[in-house]
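Dear colleague,

I am handing over the structure below, and after it you will find my notes on what the computed values show. Please read them with the model open beside you.

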Amino acid sequence: MHNPFAAISGSIPPLAMQIYVAAMFLLVVAGTLIDLAHKGSARYFFKHRRRANRGATRRVGAGETAALAAQTLVVSVLAAGEFCSFWRRATHLLTMYGFVLYVITTAVLVFVYPTAAAPGPAILPALWYAGAALVCAGGLWYWLLQRVDVVAEGNPRFRLVRADLFSLSLLASAACGLIWAPLQAAGDGLWAKVFFGLYLFSNTILFGSVPWSKFAHMFYKPAAALQRRIEEANGFRANLPAPADRPATFGSARRRPRNY
Amino acid sequence: MPTFVYMTNCDGCGYCVDICPSDIMHIDTQYRRAYNAEPNMCWECYSCVKACPQQAIDCRGYADFAPLGHSVRVLREEEKATVSWRIKFRDGREKNFVSPIRTTPWGSIKGPAEYAPPRAGALASQELAHEPEGLNIEALPTLAGSRFKKGLV
């Protein structure tokens, strides 16, 4: 597999690519901060945390907090444990691991191996392709078959709403990258330029639309999941009742109803 | 007490949309999370509250008897077949209830498709489908015409 960024380094200087990637990173940071300030998420989060601490019935020590953080990392983050539906969880895992691979390998290829003279180990472009393919597989599966407004609301499959901004721009970025990279490897032709332009455009939308899209959920969700575990441990439980003092008896072989 | 959704807890699974008999639980087009679109039309069956796997749906008491500061939360544990309620009053009092979801095992009640199809002649019957055996009785009670008030029939 070819390093697509090394292949294009003849027409676009590596420094320009690095500046672009750095700009996208800064856009994500700025977008997340704007989103936090605009929605008041952080203010709400810390207010709720103070309320939870006041309502706690027992103190959670540092060791227990670390154990809960590890549990959150493994169950809620790495295994996407918050999803109750197996298929939604599967699509999320595919897209998440694809995105992580795609972003990390892009950064390494652009910053460490940006020239044709030193295109780097073959495994890196292979991982870049694999990441983009996983994003496409998980993203399309989710977007076509798992979206709740299609599955539960019965809305048309191709009806676009603002909530699609993140998933569609990510999908477009990975798909355009997957089309552009082999075209670029074959030669710097017109179609390579067209798809490179689309690749840049979709990336700019993806990383530049953080205040309006769901991009920042990847930063909020782990914090919220950890807080929920701490609340369960310290007895606050957000006013939820304690688990019933009764053994699990009946199992859960029931299929959930789909009423249409 | 109509229901509302903590959108930060909701994971957008759509179970509440599926189960709401009043069809007022919907998915927000901006955040793709559930919300109660018509609290005034909620008939307070709490199907959505119990069905929510994230415990993201809560009950908002009417202001006249449950003013700010109260909390009504439910935990449905399907594997234990229990529904637990925790009611917190504004003055700090608290009441906890645990009820069985049902008294028979999951899957023990036959669905409509598992019954034999009704005969065409059943259309002329006063009995509904699967009556009386579906009610676990031998026959529905009847009222003889001779016992009606005079002049009624």
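In this predicted model, buried residues account for 22% of the 153 residues in chain B. The radius of gyration of chain B is 22 Å, whereas a compact globule of 153 residues would have one near 15 Å, and along its principal axes the C-alpha trace of the chain spans about 60 × 40 × 30 Å. The domain assignment divides chain B into domain 1 (3-100) and domain 2 (112-147), and the centres of these two domains, taken over C-alpha atoms, are separated by 37 Å.

As to secondary structure, chain B contains 2 helices and 7 strands, which follow one another along the sequence in the pattern β-α-β-β-α-β-β-β-β. If one takes the contacts in chain B between residues at least 6 apart in sequence, 44% of them join residues at least 24 apart.

Helix H6 (residues 123-146) of chain A has 24 residues and reaches 32 Å between its first and last C-alpha, which is close to the 34 Å expected at 1.5 Å a residue. Among the residues buried in H6(A) are Pro125(A), Trp128(A) and Tyr129(A), together with Gly131(A), Gly138(A) and Gly139(A).

Finally, the two chains touch one another, and the contact takes 32 residues from chain A and 35 residues from chain B. On the side of chain A that touches chain B, helix H7 (residues 148-151) of chain A gives the most, with 3 residues. The residues of that side of chain A divide into 17 nonpolar, 6 polar and 9 charged.

With best regards

Technical notes:
Residues are numbered from 1 along each chain as its sequence is written. Chains are lettered from A and ligands numbered from 1 in the order in which they are written. This is a predicted model: local features need pLDDT of at least 70, side-chain atom pairs count only at pLDDT 80 or more; totals for chains, interfaces and linings use all residues. Two residues are in contact if their C-beta atoms, placed from the backbone, lie within 7 Å. Helices (H or I, at least four residues) and strands (E, at least two) are DSSP runs, numbered from the N terminus. Ala, Val, Leu, Ile, Met, Phe, Trp, Tyr, Cys and Pro count as nonpolar, Asp, Glu, Lys and Arg as charged, and the others, Gly among them, as polar. Domain bounds come from an automatic or database domain assignment. The expected span of a helix is 1.5 Å times one less than its number of residues. A residue is buried if 20 or more other C-beta atoms lie within 10 Å of its own, exposed if 12 or fewer, and partly exposed in between; C-beta atoms are placed from the backbone. The radius of gyration is taken over C-alpha atoms; the globule rule is 2.2 Å times the number of residues to the power 0.38.
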